[in-house]
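Please look through the sequence and the model below before reading on. The paragraphs that follow lead from the packing of side chains to a metal site, and then to a single helix.

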Amino acid sequence: MKTKIWTILFLLCVCFGCLAKEVIPFNTSAHHEYGESVNEQNYENDRLIKIIYPKTNVECLDDAIQTYIEQTKRSFMENNTSNTEDKAELNVDYQSYIKDNRYISIKLDTYMRILDEKQQVKTWVYDQTNDTMVQLHDLLDEDALDDVSEITKAYFKKQYPEECDTQNFAIFTAPAYDNFETFVLRKDAFVFYFAAGTLFDRGVYMELPYEQLQDHIRMEPEQVTAFVPYADVLNEPVKQIDPNKPMVALTFDDGPTKKYTTAILDALKEHQASATFFVLGSRAKDFPEILQRMVLEGNEVGNHTFSHKQLTTLSKENIEEEITATQESIHDVINRYPTIIRPPYGSKNDNVLSCAQGKKIVTWTIDTEDWRHKDAKKIVENVIKNVKDGDIILMHDLYPSTAEAAIILIPTLQDMGFQLVTISELYDYGKNDAGKIM
Ligand SMILES: [Zn+2]
């Protein structure tokens, strides 16, 4: 009898697990329309922290974001991780939107995984004209709220017809401002977010074009310009490689950033050297001209996943989404697909390998730990002391100290007799297998 109950419970869990996984929305179109990205990472001990947030230079907005991030970090650090099998992980990423040159919307996505996963969405909308934060009732009158409620019910009943006949669904779609307070203003539409435990057990979102609320909306409509993918980009070989001489690959993760990536590219160009940039899918479209420049000047662009999660903790479908969304967002900018993937934190398992689909999974042989020291001299010394033929050197184009170190390292390594090549060139010349898994 006992076994039977456990079997039923087990089956219920399995079925529910599948169902939940299938429909988790994965928003792969990243918008960073406002603010400068700030990066914070810390890979100490048993906790991985990767936080990307915007600095908007709007005081009340920056204060609100800062306070929220500090609170999130504190609650992450307070949790006991001693029972966890994988490293505990805190991942914060953002989207930002500007509408009518007036409304700035910020959305922070928080993903926390200790024993299980928690996802949270937090939004702010700021009105530059009135220098004030905006709530939904500033934008929509009560009639419009009724419309939003009806549209929301109809939308989710169509999407998930089996799941809407619950008390929660009725309560959290009712025409109350509180139910719709997590939203952003895109150029063409509202996007409303509903947390896990409100409409459904999982978080969901709905896009609502402004024209559907025409009569009640307190905003002017705006012309929308679509993103136009750039024309073909050529990759002319810019340098000669001597297969008989030693070579190493400099690699830069988590970018691009305007200042530091550009400084590194300048140094590479000056010395006719190449490097590999493992970019995040969520950032690829922020600086299309920098990505194009990478390719034009003989550097390589690699896939560093879309949102920088530990792939080993994700389902196969989610790993595939992380990889595919990044392939597409890079392709949209440079008109070619990366052939190499570097998993965040270098974490890989059989699932990750099987999702690579012909692309190479690449880690590194020298870790400069530039994120830890933030000290150009230490980075340079570490590399010079350890470097040998075929090495793959890990850095992050996020910090002034890393750019500074690269500017010193590039000519220094060349003076030591190393050619600076891309990862693919390293493999083409059969120089390295250490960072290559397949
Ligand atoms: Zn990374």
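Two residues are said to be in contact when heavy atoms of theirs lie within 4.5 Å. The model is a predicted one, in which local features need pLDDT of at least 70 and side-chain atom pairs count only at pLDDT 80 or more, while totals for chains, interfaces and linings use all residues. Residues are numbered from 1 along each chain as its sequence is written, and side-chain values use heavy atoms, with hydrogens and water left out.

L413 belongs, with L250 and F277, to the residues that have the most contacts inside the largest nonpolar core, which has 37 residues. Such a core is a set of buried Ala, Val, Leu, Ile, Met, Phe, Trp, Tyr and Cys residues joined through side-chain atoms within 4.5 Å, where buried means under 20% relative accessible area, exposed over 50%, and partly exposed in between, for a 1.4 Å probe and protein chains only. Among the elements that give two or more residues to this core are β10 (247-253), α11 (376-386) and α12 (400-415), these being DSSP runs numbered from the N terminus, with helices (H or I) of at least four residues and strands (E) of at least two. The most comes from α12, with six residues. A second, separate core of 28 residues includes F180, F190, L199 and L208.

The zinc ion is held by D254 (OD), H304 (NE2) and H308 (NE2) at 2.1 to 2.2 Å. Donors here are N, O and S atoms within 2.8 Å of the metal (3.2 Å for Na, K and Ca), and because water is not among the atoms, sites may look incomplete. Along the sequence the donor residues follow the spacing D-x49-H-x3-H, and both H304 and H308 are buried.

Q310 has its place in the loop between β12 (300-303) and α8. Q310 counts as buried because its relative accessibility is 3%. Not counting residues up to four places away in sequence, Q310 touches L48, D86, K87, E89, R113, Y345 and S347.

In α11, which residues are buried? They are A376, I379, V380 and V383. These four lie on the same side of α11, because they cover an arc of only 95° around the axis, the arc being that of the directions from the helix axis to the C-beta atoms. Their cover includes α10 (370-373), β16 and α12, whereas the face turned away from the buried side carries the exposed residues K377 and K385.
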